[in-house]
Amino acid sequence: LLYIPARAPFDMWDRDSRHGVRLYVRRVFILEDAQQLTPRYLRFLRGIIDSNDLPLNISREILQSNKLIDTIRSGEVKKVLALLEDLAANDAEKYAAFWKEFGVVLKEGIIEDFANRERIAKLLKFASTHSDSDVQNVTLTDYVARMKDGQNKIYYITAETYAAAKNSPHLELLRKNGIEVLLLSDRVDEWVVTHLSEFDGKSLQSVTQGELDLGKVGGEDTTNEMPAKELQGLAERIKNTLSDKVKDVRISQRLTTSPSCLVADAYGMSPHLERLLKASGQPVANTHPVLEINPDHPLVIRIRDETDEAAFSDWANILFDQAVLSEGGQLDDAAGFVQRLNKMLLRLGAA
(Lines give C-alpha, C1' and ligand atoms only; values in the text may rest on other atoms or scores of the structure.)
Protein backbone atom coordinates (compact mmCIF):
# COMPACT_ATOMS: atom_id res chain seq x y z
CA LEU A 1 0.00 0.00 0.00
CA LEU A 2 1.80 3.11 -1.24
CA TYR A 3 0.89 6.78 -1.63
CA ILE A 4 2.47 10.16 -2.30
CA PRO A 5 1.66 13.00 0.14
CA ALA A 6 0.24 16.25 -1.19
CA ARG A 7 2.96 18.34 0.50
CA ALA A 8 6.66 17.83 0.98
CA PRO A 9 7.73 17.21 4.61
CA PHE A 10 9.84 19.86 6.32
CA ASP A 11 12.81 17.47 6.48
CA MET A 12 12.66 16.21 2.89
CA TRP A 13 16.29 17.24 2.33
CA ASP A 14 17.44 15.15 5.27
CA ARG A 15 18.41 11.98 3.44
CA ASP A 16 18.65 10.09 6.75
CA SER A 17 15.09 10.84 7.89
CA ARG A 18 13.07 7.72 8.70
CA HIS A 19 9.39 8.08 7.99
CA GLY A 20 8.87 6.50 4.59
CA VAL A 21 7.81 3.01 3.56
CA ARG A 22 7.48 0.52 6.43
CA LEU A 23 8.34 -3.15 6.07
CA TYR A 24 6.10 -5.75 7.74
CA VAL A 25 6.52 -9.50 7.80
CA ARG A 26 3.21 -11.31 8.33
CA ARG A 27 1.77 -8.06 9.78
CA VAL A 28 4.63 -7.69 12.26
CA PHE A 29 6.49 -4.38 11.95
CA ILE A 30 10.17 -4.93 11.11
CA LEU A 31 11.71 -1.59 10.15
CA GLU A 32 10.99 1.78 8.57
CA ASP A 33 12.42 3.41 5.46
CA ALA A 34 15.23 0.96 4.75
CA GLN A 35 17.47 2.06 1.86
CA GLN A 36 17.42 -1.54 0.64
CA LEU A 37 13.65 -1.22 0.29
CA THR A 38 13.17 2.27 -1.21
CA PRO A 39 15.72 4.28 -3.22
CA ARG A 40 16.56 7.68 -1.78
CA TYR A 41 15.11 9.58 -4.76
CA LEU A 42 11.69 8.19 -3.77
CA ARG A 43 12.00 9.21 -0.13
CA PHE A 44 8.78 11.21 -0.42
CA LEU A 45 6.91 7.90 -0.74
CA ARG A 46 4.76 6.72 2.17
CA GLY A 47 3.08 3.40 2.84
CA ILE A 48 3.62 -0.20 3.94
CA ILE A 49 4.88 -3.41 2.37
CA ASP A 50 3.87 -6.70 3.97
CA SER A 51 5.67 -9.92 3.05
CA ASN A 52 4.86 -13.52 3.96
CA ASP A 53 8.13 -14.86 2.59
CA LEU A 54 10.63 -13.15 4.89
CA PRO A 55 11.59 -14.50 8.33
CA LEU A 56 10.33 -12.58 11.36
CA ASN A 57 13.86 -12.26 12.74
CA ILE A 58 15.26 -10.75 9.57
CA SER A 59 18.23 -8.43 10.18
CA ARG A 60 19.67 -5.50 8.25
CA GLU A 61 22.56 -7.71 7.16
CA ILE A 62 20.14 -10.22 5.64
CA LEU A 63 18.22 -7.37 4.02
CA GLN A 64 21.34 -6.27 2.17
CA SER A 65 21.83 -9.66 0.51
CA ASN A 66 18.30 -11.00 0.21
CA LYS A 67 17.10 -11.50 -3.39
CA LEU A 68 13.48 -11.18 -2.33
CA ILE A 69 14.17 -7.68 -1.02
CA ASP A 70 15.68 -6.79 -4.40
CA THR A 71 12.54 -8.09 -6.10
CA ILE A 72 10.29 -6.10 -3.74
CA ARG A 73 12.34 -2.94 -4.33
CA SER A 74 12.28 -3.37 -8.10
CA GLY A 75 8.52 -3.95 -8.12
CA GLU A 76 7.94 -0.96 -5.85
CA VAL A 77 9.95 1.38 -8.09
CA LYS A 78 8.18 0.16 -11.23
CA LYS A 79 4.76 0.71 -9.64
CA VAL A 80 5.63 4.26 -8.55
CA LEU A 81 7.10 5.22 -11.93
CA ALA A 82 4.05 3.75 -13.68
CA LEU A 83 1.81 5.81 -11.40
CA LEU A 84 3.75 8.99 -12.20
CA GLU A 85 3.71 8.22 -15.93
CA ASP A 86 -0.05 7.78 -15.83
CA LEU A 87 -0.44 10.99 -13.84
CA ALA A 88 1.74 12.96 -16.27
CA ALA A 89 -0.17 11.62 -19.28
CA ASN A 90 -3.73 11.89 -17.97
CA ASP A 91 -3.81 14.53 -15.25
CA ALA A 92 -1.40 17.36 -16.02
CA GLU A 93 -2.69 19.52 -13.18
CA LYS A 94 -2.06 16.88 -10.52
CA TYR A 95 1.35 16.06 -11.96
CA ALA A 96 2.28 19.74 -11.96
CA ALA A 97 1.36 19.88 -8.26
CA PHE A 98 3.47 16.78 -7.60
CA TRP A 99 6.40 18.21 -9.54
CA LYS A 100 6.28 21.47 -7.62
CA GLU A 101 6.65 19.58 -4.33
CA PHE A 102 8.92 16.67 -5.26
CA GLY A 103 10.38 17.31 -8.70
CA VAL A 104 13.86 18.21 -7.45
CA VAL A 105 14.02 14.95 -5.48
CA LEU A 106 12.87 12.87 -8.45
CA LYS A 107 15.74 14.36 -10.49
CA GLU A 108 18.14 12.51 -8.20
CA GLY A 109 16.90 9.29 -9.82
CA ILE A 110 18.84 10.14 -12.98
CA ILE A 111 22.00 9.89 -10.88
CA GLU A 112 21.07 6.95 -8.64
CA ASP A 113 18.95 4.62 -10.77
CA PHE A 114 20.69 3.67 -14.01
CA ALA A 115 18.20 0.90 -14.81
CA ASN A 116 15.25 3.32 -14.86
CA ARG A 117 17.09 6.41 -16.13
CA GLU A 118 15.20 6.56 -19.42
CA ARG A 119 11.79 6.34 -17.71
CA ILE A 120 12.74 8.98 -15.15
CA ALA A 121 14.09 11.29 -17.88
CA LYS A 122 10.67 11.32 -19.54
CA LEU A 123 9.11 12.47 -16.25
CA LEU A 124 11.44 15.43 -15.73
CA LYS A 125 10.27 19.00 -16.23
CA PHE A 126 12.34 22.14 -16.79
CA ALA A 127 11.98 25.84 -17.39
CA SER A 128 12.98 26.96 -20.88
CA THR A 129 13.21 29.94 -23.20
CA HIS A 130 10.08 28.69 -24.97
CA SER A 131 7.86 30.36 -22.38
CA ASP A 132 10.44 32.54 -20.56
CA SER A 133 8.81 31.55 -17.28
CA ASP A 134 10.43 30.11 -14.16
CA VAL A 135 7.69 27.47 -14.04
CA GLN A 136 9.17 24.05 -14.79
CA ASN A 137 6.66 22.78 -17.33
CA VAL A 138 8.75 21.62 -20.31
CA THR A 139 9.58 17.93 -20.69
CA LEU A 140 12.44 16.63 -22.80
CA THR A 141 9.83 15.09 -25.08
CA ASP A 142 8.25 18.55 -25.55
CA TYR A 143 11.67 20.00 -26.36
CA VAL A 144 12.50 17.36 -28.96
CA ALA A 145 9.09 17.86 -30.63
CA ARG A 146 9.85 21.59 -31.07
CA MET A 147 13.41 21.20 -32.35
CA LYS A 148 14.34 23.08 -35.52
CA ASP A 149 15.09 21.31 -38.79
CA GLY A 150 18.71 20.24 -38.72
CA GLN A 151 18.99 20.58 -34.93
CA ASN A 152 20.51 17.47 -33.37
CA LYS A 153 21.27 18.68 -29.85
CA ILE A 154 19.28 19.61 -26.77
CA TYR A 155 20.72 22.90 -25.55
CA TYR A 156 20.75 23.85 -21.89
CA ILE A 157 22.36 26.25 -19.46
CA THR A 158 22.96 25.81 -15.73
CA ALA A 159 23.08 28.74 -13.33
CA GLU A 160 22.56 29.56 -9.67
CA THR A 161 19.21 31.27 -10.31
CA TYR A 162 16.56 31.28 -13.00
CA ALA A 163 17.23 34.98 -13.69
CA ALA A 164 20.94 34.32 -14.21
CA ALA A 165 20.16 31.51 -16.65
CA LYS A 166 17.50 33.48 -18.54
CA ASN A 167 19.64 36.60 -18.97
CA SER A 168 22.93 34.87 -19.75
CA PRO A 169 24.77 36.30 -22.78
CA HIS A 170 25.43 32.72 -23.90
CA LEU A 171 21.81 32.54 -25.12
CA GLU A 172 21.93 35.50 -27.49
CA LEU A 173 22.57 33.69 -30.79
CA LEU A 174 20.15 30.89 -29.92
CA ARG A 175 17.40 33.37 -29.04
CA LYS A 176 18.06 35.24 -32.28
CA ASN A 177 17.55 32.03 -34.25
CA GLY A 178 14.55 30.87 -32.21
CA ILE A 179 16.31 27.84 -30.74
CA GLU A 180 14.93 26.69 -27.39
CA VAL A 181 17.27 26.37 -24.41
CA LEU A 182 16.51 24.61 -21.12
CA LEU A 183 17.11 26.91 -18.13
CA LEU A 184 18.44 24.82 -15.24
CA SER A 185 18.81 26.45 -11.84
CA ASP A 186 18.25 23.63 -9.31
CA ARG A 187 21.48 22.58 -7.62
CA VAL A 188 20.97 18.96 -8.60
CA ASP A 189 20.75 19.92 -12.28
CA GLU A 190 24.53 20.00 -12.68
CA TRP A 191 24.72 16.35 -11.71
CA VAL A 192 21.63 15.47 -13.74
CA VAL A 193 23.15 16.66 -17.03
CA THR A 194 26.43 14.95 -16.12
CA HIS A 195 24.65 11.58 -15.94
CA LEU A 196 22.10 12.22 -18.71
CA SER A 197 24.21 12.61 -21.84
CA GLU A 198 21.40 12.08 -24.35
CA PHE A 199 17.64 11.74 -24.75
CA ASP A 200 15.75 10.20 -27.65
CA GLY A 201 18.97 9.99 -29.65
CA LYS A 202 19.75 13.71 -29.15
CA SER A 203 22.82 14.65 -27.12
CA LEU A 204 22.58 17.31 -24.40
CA GLN A 205 24.84 20.30 -25.02
CA SER A 206 25.71 23.09 -22.57
CA VAL A 207 25.75 26.52 -24.22
CA THR A 208 28.52 27.62 -21.85
CA GLN A 209 31.00 24.92 -22.86
CA GLY A 210 32.96 24.49 -26.08
CA GLU A 211 32.32 26.27 -29.35
CA LEU A 212 28.73 26.89 -30.39
CA ASP A 213 28.27 25.68 -33.96
CA LEU A 214 24.64 25.77 -35.00
CA GLY A 215 25.42 25.05 -38.64
CA LYS A 216 22.25 25.25 -40.75
CA VAL A 217 19.71 24.80 -37.98
CA GLY A 218 16.30 25.90 -39.23
CA GLY A 219 17.45 25.80 -42.86
CA GLU A 220 19.65 28.89 -42.58
CA ASP A 221 23.39 29.11 -42.11
CA THR A 222 23.85 30.59 -38.62
CA THR A 223 27.64 30.60 -38.70
CA ASN A 224 29.19 34.08 -38.64
CA GLU A 225 31.78 35.08 -41.18
CA MET A 226 35.43 34.49 -40.34
CA PRO A 227 36.84 37.47 -38.40
CA ALA A 228 39.19 39.87 -40.13
CA LYS A 229 42.90 39.81 -39.38
CA GLU A 230 42.72 42.94 -37.24
CA LEU A 231 40.14 41.25 -35.00
CA GLN A 232 42.35 38.21 -34.65
CA GLY A 233 45.15 40.57 -33.70
CA LEU A 234 42.89 42.18 -31.07
CA ALA A 235 42.12 38.75 -29.61
CA GLU A 236 45.84 37.97 -29.35
CA ARG A 237 46.49 41.35 -27.74
CA ILE A 238 43.78 40.78 -25.10
CA LYS A 239 45.06 37.24 -24.49
CA ASN A 240 48.55 38.57 -23.79
CA THR A 241 47.12 41.15 -21.40
CA LEU A 242 44.99 38.58 -19.53
CA SER A 243 47.46 35.71 -19.74
CA ASP A 244 47.09 34.98 -16.00
CA LYS A 245 43.27 34.79 -16.21
CA VAL A 246 42.26 33.18 -19.50
CA LYS A 247 43.30 30.16 -21.51
CA ASP A 248 42.49 31.81 -24.81
CA VAL A 249 40.61 34.74 -26.37
CA ARG A 250 38.54 34.23 -29.50
CA ILE A 251 36.00 36.02 -31.62
CA SER A 252 32.55 34.87 -30.49
CA GLN A 253 30.02 33.01 -32.62
CA ARG A 254 27.35 33.18 -29.90
CA LEU A 255 27.19 36.86 -28.83
CA THR A 256 24.94 39.42 -30.51
CA THR A 257 24.43 42.20 -27.94
CA SER A 258 26.90 41.59 -25.07
CA PRO A 259 30.58 42.53 -25.35
CA SER A 260 32.03 39.32 -23.87
CA CYS A 261 31.41 36.00 -22.14
CA LEU A 262 33.39 33.17 -20.58
CA VAL A 263 33.33 29.66 -22.03
CA ALA A 264 34.61 26.43 -20.48
CA ASP A 265 36.26 23.59 -22.39
CA ALA A 266 33.85 21.26 -24.17
CA TYR A 267 34.71 18.38 -21.83
CA GLY A 268 35.74 20.45 -18.84
CA MET A 269 33.89 21.50 -15.72
CA SER A 270 31.22 24.16 -16.09
CA PRO A 271 31.77 27.41 -14.14
CA HIS A 272 28.57 26.81 -12.16
CA LEU A 273 29.64 23.31 -11.09
CA GLU A 274 33.06 24.66 -10.15
CA ARG A 275 31.44 27.26 -7.89
CA LEU A 276 29.17 24.63 -6.30
CA LEU A 277 32.11 22.38 -5.48
CA LYS A 278 34.13 25.25 -4.05
CA ALA A 279 31.17 26.35 -1.91
CA SER A 280 30.93 22.82 -0.47
CA GLY A 281 34.63 22.79 0.39
CA GLN A 282 35.64 20.37 -2.35
CA PRO A 283 39.11 20.80 -3.89
CA VAL A 284 38.84 22.06 -7.47
CA ALA A 285 41.68 22.32 -9.94
CA ASN A 286 42.31 25.92 -10.97
CA THR A 287 41.46 26.13 -14.69
CA HIS A 288 41.32 29.19 -16.91
CA PRO A 289 38.28 29.78 -19.14
CA VAL A 290 38.15 31.04 -22.71
CA LEU A 291 37.12 34.67 -23.14
CA GLU A 292 34.91 35.30 -26.18
CA ILE A 293 34.50 38.85 -27.49
CA ASN A 294 31.80 40.31 -29.70
CA PRO A 295 33.51 42.13 -32.61
CA ASP A 296 30.40 44.24 -33.33
CA HIS A 297 30.00 45.64 -29.81
CA PRO A 298 30.95 49.35 -29.41
CA LEU A 299 33.08 48.58 -26.35
CA VAL A 300 35.16 46.02 -28.25
CA ILE A 301 35.52 48.47 -31.15
CA ARG A 302 36.67 51.11 -28.66
CA ILE A 303 39.30 48.75 -27.27
CA ARG A 304 40.50 47.83 -30.74
CA ASP A 305 41.43 51.45 -31.41
CA GLU A 306 43.10 52.02 -28.01
CA THR A 307 46.81 52.89 -28.33
CA ASP A 308 47.55 53.59 -24.67
CA GLU A 309 48.75 50.26 -23.24
CA ALA A 310 47.70 51.09 -19.66
CA ALA A 311 44.20 52.03 -20.81
CA PHE A 312 44.04 48.93 -23.02
CA SER A 313 44.91 46.76 -20.02
CA ASP A 314 42.13 48.38 -17.98
CA TRP A 315 39.60 47.85 -20.77
CA ALA A 316 40.63 44.21 -21.23
CA ASN A 317 40.28 43.53 -17.50
CA ILE A 318 36.87 45.23 -17.47
CA LEU A 319 35.75 42.96 -20.33
CA PHE A 320 36.84 39.91 -18.35
CA ASP A 321 35.25 41.06 -15.08
CA GLN A 322 31.97 41.86 -16.83
CA ALA A 323 31.93 38.35 -18.29
CA VAL A 324 32.46 36.86 -14.82
CA LEU A 325 29.60 38.91 -13.37
CA SER A 326 27.22 38.15 -16.24
CA GLU A 327 27.42 34.41 -15.54
CA GLY A 328 26.80 34.84 -11.82
CA GLY A 329 30.40 34.55 -10.65
CA GLN A 330 32.25 36.59 -8.04
CA LEU A 331 35.23 38.80 -8.75
CA ASP A 332 38.53 38.02 -7.07
CA ASP A 333 39.27 41.75 -6.93
CA ALA A 334 35.98 43.66 -6.85
CA ALA A 335 37.68 46.86 -5.65
CA GLY A 336 40.10 46.72 -8.58
CA PHE A 337 37.18 46.37 -11.00
CA VAL A 338 35.45 49.44 -9.52
CA GLN A 339 38.65 51.47 -9.69
CA ARG A 340 39.29 50.54 -13.33
CA LEU A 341 35.68 51.25 -14.27
CA ASN A 342 35.70 54.65 -12.55
CA LYS A 343 38.98 55.50 -14.24
CA MET A 344 37.54 54.68 -17.68
CA LEU A 345 34.33 56.61 -17.00
CA LEU A 346 36.32 59.70 -15.98
CA ARG A 347 38.51 59.37 -19.07
CA LEU A 348 35.48 59.12 -21.35
CA GLY A 349 33.87 62.08 -19.59
CA ALA A 350 36.99 64.18 -20.08
CA ALA A 351 37.10 63.21 -23.73
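Helix axes are lines fitted to C-alpha atoms, over the stretch in contact, and angles run from 0 to 180 degrees between N-to-C directions. Keep that in mind for the helix pair below. The model is predicted.

**The whole chain**

The protein chain has 13 helices and 12 strands. Some overall values follow.

| Property of the protein chain | Value |
|---|---|
| Span of the C-alpha trace along its principal axes | about 85 × 45 × 30 Å |
| Share of the 351 residues that are buried | 46% |
| Distance between the mean positions of the 44 positive and 53 negative charges | 4 Å |

**Two crossing helices**

Two packed helices are described by the angle between their axes and the distance between the axes. Helix H9 covers residues 229-241, and helix H12 covers residues 309-326. Their axes come within 10 Å and cross at roughly 85°. Angles of 65 to 115 degrees count as roughly perpendicular, so H9 and H12 are roughly perpendicular to each other. On the H9 side, the contact is made by Leu-234, Arg-237, Ile-238 and Thr-241. H12 contributes Glu-309, Phe-312, Ser-313, Ala-316 and Leu-319.

**A histidine in a loop**

Where is His-297 found? His-297 lies in the loop between strand E12 (290-293) and helix H11 (298-304). Is His-297 buried or exposed? Its relative accessible area is 18%. Buried means under 20%, so His-297 is buried. Leaving out residues up to four places away in sequence, His-297 touches Thr-257, Ser-258 and Pro-259.

How values were computed
Residues numbered from 1 in each chain as written. Predicted model: local features only at pLDDT ≥ 70, side-chain atom pairs only at ≥ 80, totals over all residues. Heavy atoms only, no water. Helix = DSSP H or I, 4+ residues; strand = E, 2+ residues; numbered from the N terminus. Buried < 20%, exposed > 50% of the residue type's maximum accessible area, 1.4 Å probe, protein only. Lys, Arg positive; Asp, Glu negative; His and termini not counted. Charge placed at Lys NZ, Arg CZ, Asp CG, Glu CD. Parallel < 35°, antiparallel > 145°, perpendicular 65-115°, else oblique. Contact = heavy atoms within 4.5 Å.
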